[in-house]
Amino acid sequence: MGARENGESGGKEFQRVADALRARMIDGTYVVGSYLPPQRELTQEFVVSRDTIQRALRELADEGWIASRQGSGSRVIKVLSSRPSVAKETRGRHGVTLSDVLGPAFEKPQVTLDVYTLSAESLSAHLLLQVERIHAGEISPEHIALRLLLPDTELALPYPRVKGDKEDLRLQERLRAISRRHTDSLRGLLNDLQTEQLVPSVSFDIRHTSLPPAFKLYVVNGVELLHGMYNVIERQIPLPSGEVVTALDVLGLSATLTRHVRDEDPDSQGSIFVDNMRVWFDSVWNRLSE
């Protein structure tokens with residue numbers, strides 16, 4: 001895994017700031033409706049230029065975390081649950097979030113994640129919570145392995161798209177840019193854990209498929225499976241140019257997922273479903289290497 005560039009000359013300082021602010025919105029430091037500190041305070045805290053802070057805020061606004069207005073500051077409009085560990089007996093088969101499962105999973109010595117999704121945004125945000133726990137000394141996994149299956153970068157996706165104009169590809173380009181940012185963030189987060197000797201062994205692999213995902217899938221430690229269908233909604237999306245378009249889009253952040261668990265009975269419904277989906281993921285993954 002390649003090391004992340006550091007310093008503003010490497011162009012990555014804005015990502016460090018964006019990751020830190022994103023983590024604070026996830027853990028409840030900045031709640032929905034609250035405002036981020038003024039830019040001058042952020043420049044002093046992170047010891048970066050005003051341009052770097054503005055670039056980080058633009059990324060968070062583009063991803064829908066904040067809404068910024070000149071003279072009014074940046075208001076938080078989206079957060080994620082940060083529940084790090086939920087007792088197994090309180091977690092039903094239905095109605096869980098990724099945080100519900102990742103928290104306990106990262107408390108194990110060996111952590112494996114097989115993920116099939118439209119972009120890496122949800123995964124990056126949730127994984128950031130676990131990285132913060134590792135840095136804080138709350139958990140100490142010995143090995144983390146992530147396999148990420150994404151749609152091919154040249155694949156024409158049905159969503160997101162501008163409502164009433166299937167030929168307008170700007171939202172597809174926006175989605176690819178968001179996915180690239182978050183896969184870069186994931187790679188950097190995991191690489192830093194190993195470089196700083198916080199996790200002895202880390203692996204991260206990405207493959208792209210021509211299958212457009214109609215659902216998102218997470219196989220966690222080989223025994224828990226989360227999946228959820230992408231629901232199409234209509235919403236307003238701001239473009240980098242400043243134009244706001246009406247879009248048909250699918251949202252995944254904070255999505256409620258269906259959970260299945262592999263138990264000691266290989267013939268149980270949960271075990272069969274988890275095993276079948278693991279075989280499906282492996283079959284797609286392995287064929288992409290041929």
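A residue counts as buried when its relative accessible area is under 20%. The views below show a predicted model.

**View 1. A salt bridge joins R22 to E59.** The closest N and O atoms of the two side chains are 3.0 Å apart. R22 belongs to helix α1 (residues 13-26) and E59 to helix α3 (residues 50-62), so the contact ties together parts that are 37 residues apart in sequence. With a relative accessibility of 1%, R22 is buried; E59, at 4%, is buried as well.

**View 2. R24 and E45 form a salt bridge.** The N to O distance is 2.3 Å. Because R24 lies in helix α1 and E45 in helix α2 (residues 39-46), the pair ties together parts 21 residues apart in sequence. R24 counts as buried at 19% relative accessibility, whereas E45 is partly exposed at 42%.

**View 3. E243 meets R170 in a salt bridge.** Here the N to O distance is 2.8 Å. E243 sits in the loop between β9 and β10 and R170 in helix α6 (residues 170-195), so parts 73 residues apart in sequence are tied together. E243 is partly exposed at 37% relative accessibility, and R170 is partly exposed at 31%.

**View 4. Three strands make an open sheet.** Their order is β5-β10-β9, with antiparallel pairing. The edge strands β5 (161-162) and β9 (232-238) each have a single partner, so one side of each lacks a neighbour in the sheet. Two bridges link β5 to β10 (residues 244-250), and R161 stands opposite L248 in β10.

**View 5. Negative charge gathers in a surface patch.** The patch consists of D263, E264, D265 and D267. D267 lies in the loop between β11 (258-261) and α7 (269-287) and is exposed, with a relative accessible area of 63%.

Key. Residues numbered from 1 in each chain as written. Predicted model: local features only at pLDDT ≥ 70, side-chain atom pairs only at ≥ 80, totals over all residues. Heavy atoms only, no water. Patch = residues over 30% accessible without salt bridge, like charges linked within 9 Å, V, L, I, M, F, W, Y side chains within 5 Å. Areas by Shrake-Rupley, 256 points an atom, 1.4 Å probe, with all protein chains shown as cover. Salt bridge = Lys/Arg side-chain N within 4 Å of Asp/Glu carboxyl O. Lys, Arg positive; Asp, Glu negative; His and termini not counted. Charge placed at Lys NZ, Arg CZ, Asp CG, Glu CD. Helix = DSSP H or I, 4+ residues; strand = E, 2+ residues; numbered from the N terminus. Buried < 20%, exposed > 50% of the residue type's maximum accessible area, 1.4 Å probe, protein only. Pairing = 2+ DSSP bridges.
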